[in-house]
Protein chains: 2
Amino acid sequence: MARLKRVVLERLMQYYRFLNRKTASRPLKTITSAQIAEALDVDPTQVRKDFGAIGLVGIGRVGYQVEEVCCTIRRVLGLDLEKRAVIIGAGRLGGALLAYGGFDKYGLRILGIFDNDPRKIGRKLEGYTIEPVRTLKPFIRKYDIELAILATPVEVAQTLADRVVSAGVKAIWNFAPTRLTVPETVLVRNEHISLGLAKITYFLRQEHDSRE
Amino acid sequence: MARLKRVVLERLMQYYRFLNRKTASRPLKTITSAQIAEALDVDPTQVRKDFGAIGLVGIGRVGYQVEEVCCTIRRVLGLDLEKRAVIIGAGRLGGALLAYGGFDKYGLRILGIFDNDPRKIGRKLEGYTIEPVRTLKPFIRKYDIELAILATPVEVAQTLADRVVSAGVKAIWNFAPTRLTVPETVLVRNEHISLGLAKITYFLRQEHDSRE
């Protein structure tokens, strides 16, 4: 299978979330690309293309076997595999991520939360004890941590990225609004809140224009 | 100008953020599509196409006038316009959003934060006094609020969406992991943290595979 692009991966995740929600309320054997497309506001052709890319084939008007679709997406996206992670930064955002609780569904297991503020270290947060960042490296090695979730201020983000990379993490989920420099073998996913704003500000500008 | 798609809007926001960062450290008159493309890991053709879509034309090897690019993106995305917003939900996520402080750059002005928890109401958070959700409607009308930022638990998200819509907001930035039903004239932007995970879990699965 060819390497899938980010946009395709994100749509697969969307389909998966949708089917999970759908089957949570009542059992569902089959679904058509048109039904998925309508619910998620994408083109039915796009759905069929994305499914085709991961080897799923629908049958005429019957559509796709829901269970097969879910299983295939789980396998392709690696949702079944356990992925060990730490959160760095025990501020509001770090706390919000820790409290989110929905990460299990994706195989993400948070093993610890770290901060460099002496007033925070040792305190409890969502059942975790906040640990000092100076113990980050041995912790990552000991527990074979693959993913570091960065929820720190911009100023310390690169230093901490360097540290977790040298300790052996394979991916960084970066919530600090800055670009990180890492070796090519390490994946960085930047979570830029401002990108989401683009659609909103554009829409509101058009609303303003139409009023004039 | 044709209506721009979400992916284009998000790339424009990325270019804008990049140029702002770039010029913050030292003045810069011109930049080529190749330079932008390399820094942001997109195709140079894509950059030229996106710029062309908003009327920007580069000159040979000189490239684009940075100031013109920034001004045009600001205008197209409506970043100069003031957009009045409220945050609903004074939990960790609401607090993190309030503390973010980077919203000014995009013309976003947060006027208040609301919660329904009597223990929170009246308390201070990042300089704001937490207000009760029952005063949300008159507040939205009085201050002509256009955008509601939803940072509540899933269970109350739809009820609160209904309320802010009936009070007149034009857009909802939804951080609750649920799909909202709103009239067609209202824009909803869902901020799904799990979409960002797709790329990470896919990458880590391939790492696992290659080890076997």
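The model is predicted, and local features are reported only at pLDDT of at least 70, side-chain atom pairs only at pLDDT 80 or more, while totals for chains, interfaces and linings use all residues. Residues are numbered from 1 along each chain as its sequence is written, and chains are lettered from A and ligands numbered from 1 in the order in which they are written.

Two copies of a chain are related by a rotation about an axis and a shift along it. Here, chain B is superposed on chain A by a rotation of 180° with a shift of 0.0 Å along the axis, at an RMSD of 0.0 Å. The two copies are thus related as by a two-fold rotation axis. The superposition is by least squares on the C-alpha atoms of residues with pLDDT of at least 70 in both copies. Within chain B, the residue that comes closest to the rotation axis is B:Arg92, whose C-alpha lies at 2.6 Å.

The contact between the chains takes 44 residues from chain B and 44 residues from chain A, residues being in contact if their C-beta atoms, placed from the backbone, lie within 7 Å. On the side of chain B that touches chain A, two or more residues each come from helix H1 (6-25), helix H5 (92-100), strand S8 (171-174), strand S9 (187-190) and helix H8 (193-211) of chain B. Helices (H or I, at least four residues) and strands (E, at least two) are DSSP runs, numbered from the N terminus. H8(B) gives the most to this side, with 14 residues. By class, this side of chain B has 23 nonpolar, nine polar and twelve charged residues; Ala, Val, Leu, Ile, Met, Phe, Trp, Tyr, Cys and Pro count as nonpolar, Asp, Glu, Lys and Arg as charged, and the others, Gly among them, as polar. Because 100% of the interface residues of chain B are also interface residues in chain A, the copies meet through the same surface.

Chain A is assigned domain 1 (6-77) and domain 2 (83-194), with bounds from an automatic or database domain assignment. The centres of these domains of chain A, taken over C-alpha atoms, are 32 Å apart.

In chain A, an open sheet of seven strands has mixed pairing and the order S5-S6-S4-S3-S7-S8-S9; strands pair if DSSP finds at least two bridges between them. Strand S8 (residues 171-174) of chain A pairs with S9(A) in the parallel sense over four bridges, and A:Ile172 stands opposite A:Val188 in S9(A).

Key
Contact = placed C-beta atoms within 7 Å.
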